[in-house]
Amino acid sequence: MSSKTVNQKAWLLVLPVLLIVALNAVIPLMTVVNYSVQDTFSPGVFFFEGTKWYREVLSSPRFHGALGRQFLYTAIILAIEIPLGVAVALAMPRKGPWVSVCLVLMALPLLIPWNVVGAMWNIFALPDIGLLGYGLNWLGFDYNYTQQPLAAWMTVILMDVWHWTSLVVLLAYAGLSSIPDAYYQAAKIDGASRLSVFRFIQLPKMKRVLIIALLLRFMDSFMVYTEPFVLTGGGPGNSTTFLSIDLVKAAIGEFNLGIAAAMSIIYFLMTLLVCWVFYTAMMRSEES
Amino acid sequence: MKPLAWMAWTWQTATFFCFIAACLITMLLWEMLKPGGSPKHGVLGLNTTRGDRLFISLLGSAYIHVAWLGLTEQPLWWGSVISVFFALTVFKWV
């Protein structure tokens, strides 16, 4: 006798999610696609332009510059935050009263809204009144993030590291906490060094959470907007104008909806590809 | 003002989204006829179902079109032809 093992009615439970995704993702995405092939001069008046905006964006030095800065920014962020997060998680206590203190301290930066972080660092790094800016100048460094591109980059990166390394720490700490004591005891019996314990026990056990951390930090740093915009406004010059800032400038500042929409679609495709790569890597690590 | 005027529809983009919807409906019917998703281990070393292969085909096709627009002045139809061959290759070997 065959028995029904799959309840198809369960699909009804997915309907609310489908509706929400349709309203907040699919319909806006369709609208952006529609905008990307048209030009507009006033609300409700559109002229079909075909692939003109895509060709224009793809051959634009401005787009290449913003994209290059975006990739560089993301690469630096990942290169700093992932190892630093793992190092801090390894240094945190596993037992005792200090665990809660450390976890709360780590969680604090994550609770602060993006625009507040930008405003805080804007003041903190000012060369004449900010603690960081004034301190660096007092120590003899010529530092002014409002005029020097290198200083602006350093400040933007430092701000992101301060704000988001905690996320990597918390994820890595969760991964470390899930390792049973038996592994460490076995390593001790075998006389394994600290490095070997990290290499052969902790790192493999943290692999999955680190992929998630990498994906989250990639997504967030690749789409970063508020913090650098509040801190530098994309300057000095265009030195910290990342793709997201450039996109908003095109869409709202210049009202080039067609170009901004084409940029958005290209931006979306890049994000989608990276997400797929990370997802595939995560699935493969699970299978293995 | 028409109800969906704010979405600025054109027949070209409507056709594009109808094509995507048709692909999804075809996959649904295919799954109903042959359940299980026909999983296989392809040349990329990945375990894929036919849904995965459709996703890879669509994403790859989008990149082919973007590359075509960025690198050549030729009509986009050639990019579409390459995309069809790419999709067939993905469904056969990936």
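**Close-up views of a predicted two-chain model**

**View 1. The second largest pocket.** About 450 Å³ of space lies in the second largest pocket of this predicted model. Its lining has 17 residues. A:Val32, A:Leu247, A:Ala260, A:Ser264 and A:Ile265 lie nearest the centre of this pocket. Three helices of chain A, namely H1, H11 (243-253) and H12, each supply at least two lining residues. H12(A) gives the most, with eight residues. By class, the lining of the second largest pocket has 13 nonpolar and four polar residues, with no charged ones.

**View 2. The largest pocket.** The volume of the largest pocket is about 2,200 Å³. It is lined by 47 residues. Nearest its centre lie five residues of chain B: B:Phe16, B:Phe17, B:Phe19, B:Ile20 and B:Leu58. H1(B) provides the largest share, 14 residues. The lining of the largest pocket divides into 34 nonpolar and 13 polar residues, and no charged residue takes part.

**View 3. A nonpolar surface patch on chain A.** The patch consists of A:Trp11, A:Leu12, A:Val14, A:Leu15, A:Val17, A:Leu18, A:Val21 and A:Val26. Together these residues have about 750 Å² of accessible area. One of them, A:Leu15, lies in helix H1 (residues 11-36) of chain A. A:Leu15 counts as partly exposed because its relative accessibility is 42%, between the limits of 20% and 50%.

**View 4. A cis peptide bond in chain A.** The bond from A:Gly235 to A:Pro236 is cis, with omega near 0 degrees. A:Pro236 sits in the loop between helix H10 (226-232) and H11 of chain A. Most peptide bonds are trans.

**View 5. Positive phi at B:Ala8.** B:Ala8 is not a glycine, yet its phi is positive, near 55 degrees. Most residues other than glycine have a negative phi. B:Ala8 belongs to the segment before H1 of chain B. With a relative accessible area of 5%, B:Ala8 is buried, since the limit for that class is under 20%.

**View 6. Positive phi at B:Ser38.** B:Ser38 also is not a glycine, and its phi is positive at about 40 degrees. B:Ser38 is found in the loop between H1 and strand E1 (40-41) of chain B. Is B:Ser38 buried or partly exposed? B:Ser38 is partly exposed, with a relative accessible area of 32%.

Note on methods
Residues numbered from 1 in each chain as written. Chains lettered and ligands numbered in written order. Predicted model: local features only at pLDDT ≥ 70, side-chain atom pairs only at ≥ 80, totals over all residues. Heavy atoms only, no water. Patch = residues over 30% accessible without salt bridge, like charges linked within 9 Å, V, L, I, M, F, W, Y side chains within 5 Å. Areas by Shrake-Rupley, 256 points an atom, 1.4 Å probe, with all protein chains shown as cover. Salt bridge = Lys/Arg side-chain N within 4 Å of Asp/Glu carboxyl O. Helix = DSSP H or I, 4+ residues; strand = E, 2+ residues; numbered from the N terminus. Buried < 20%, exposed > 50% of the residue type's maximum accessible area, 1.4 Å probe, protein only. 1 Å grid on protein atoms, 1.4 Å probe; cavity = no way out; pocket = protein on both sides within 12 Å on 5 of 7 lines; lining within 4 Å. Points joined across faces, edges and corners; volume = space filled by probe spheres on them. Nonpolar A, V, L, I, M, F, W, Y, C, P; charged D, E, K, R; others polar.
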